[in-house]
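Subject: Structure handover

Hello,

Here is the structure I said I would pass on. My notes on what was found in it follow below.

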Amino acid sequence: SMAVERIAVEVAWASAEHQWVVALEVPTGTTLRGALERARIEDRLPAEALAAASFGIFGVVQPPETMLA
């Protein structure tokens, strides 16, 4: 069987109070939502911050279903 190709990504968060970066390797075809889930973002941010947040790729806001290249 062929090995699954993986890509290196960093999930970063910055606000006035908090900054952090989580480095991950994810399978090719992972979505933005999938990377956020793998970074356990729901454990790192208060629910109200998560509900109000926008997420993007290289600083450009994207829908959660966007596939990572």
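**Overall layout**

Read along the sequence, the protein runs β-β-α-α-α-β-β. That is three helices and four strands, where helices (H or I, at least four residues) and strands (E, at least two) are DSSP runs, numbered from the N terminus. This is a predicted model, in which local features need pLDDT of at least 70 and side-chain atom pairs count only at pLDDT 80 or more, while totals for chains, interfaces and linings use all residues. Residues are numbered from 1 along each chain as its sequence is written, and side-chain values use heavy atoms, with hydrogens and water left out.

Along its principal axes the C-alpha trace spans about 45 × 20 × 20 Å. Of the 69 residues, 29% count as buried; buried means under 20% relative accessible area, exposed over 50%, and partly exposed in between (1.4 Å probe, protein chains only). Contact here means heavy atoms within 4.5 Å. Of the contacts with a separation of 6 or more, 40% come from residues 24 or more positions apart.

**The core**

In soluble globular proteins, nonpolar side chains tend to be buried together. A nonpolar core is a set of buried Ala, Val, Leu, Ile, Met, Phe, Trp, Tyr and Cys residues joined through side-chain atoms within 4.5 Å. The largest one here has 16 residues, and Val11, Trp20 and Leu24 touch the most other members. The elements that give two or more residues to this core are β1 (6-14), β2 (19-27) and α1 (32-38). Not counting residues up to four places away in sequence, Val11 touches Trp20, Val21, Val22, Leu24, Ala35, Leu36 and Ala39.

**The largest pocket**

Rolling a probe the size of a water molecule over the atoms shows where empty space is left. On a 1 Å grid over the protein atoms alone, a pocket is an open set of points where a 1.4 Å probe fits, with protein on both sides within 12 Å along at least five of seven lines; lining residues have an atom within 4 Å of a point. The largest pocket has a volume of about 390 Å³, the volume being the space filled by probe spheres set on the points, which are joined across faces, edges and corners. Of its 17 lining residues, Glu10, Val11, Leu32, Gly56 and Ile57 are the closest to its centre. The elements that give two or more residues to the lining are β1, α1 and β3 (56-57), and β1 gives the most, with seven residues.

The lining divides into 14 nonpolar, two polar and one charged residue. In this count Ala, Val, Leu, Ile, Met, Phe, Trp, Tyr, Cys and Pro are nonpolar, Asp, Glu, Lys and Arg are charged, and the others, Gly among them, are polar.

Leaving aside neighbours within four places in sequence, Thr30 is in contact with Ala35, Arg38, Thr66, Met67 and Leu68. A polar atom of the Thr30 side chain lies 2.6 Å from the backbone oxygen of Pro27.

Thr66 is found in the segment after β4 (60-61). With neighbours within four places left aside, Thr66 is in contact with Thr30, Thr31, Leu32 and Ile57. A polar atom of the Thr66 side chain lies 2.8 Å from the backbone oxygen of Pro63.

Arg33 is in helix α1 and counts as partly exposed, at 40% relative accessibility. Its contacts beyond four places in sequence are Pro64 and Glu65. The side chains of Arg33 and Glu65 are joined by a polar contact of 2.8 Å, meaning a pair of N or O atoms within 3.5 Å; within protein, one must be able to donate a hydrogen and the other to accept it, and residues adjacent in sequence count only if both atoms are side-chain atoms. The C-alpha atoms of Arg33 and Met67, 34 residues apart along the chain, are separated by 8.8 Å.

**Two backbone angles**

Arg40 lies in the loop between α1 and α2 (41-44) and has a positive phi of about 55°, although it is not a glycine. Phe58, in the loop between β3 and β4, has a positive phi of about 50° and is not a glycine either. Phe58 is exposed, with a relative accessible area of 84%.

Regards
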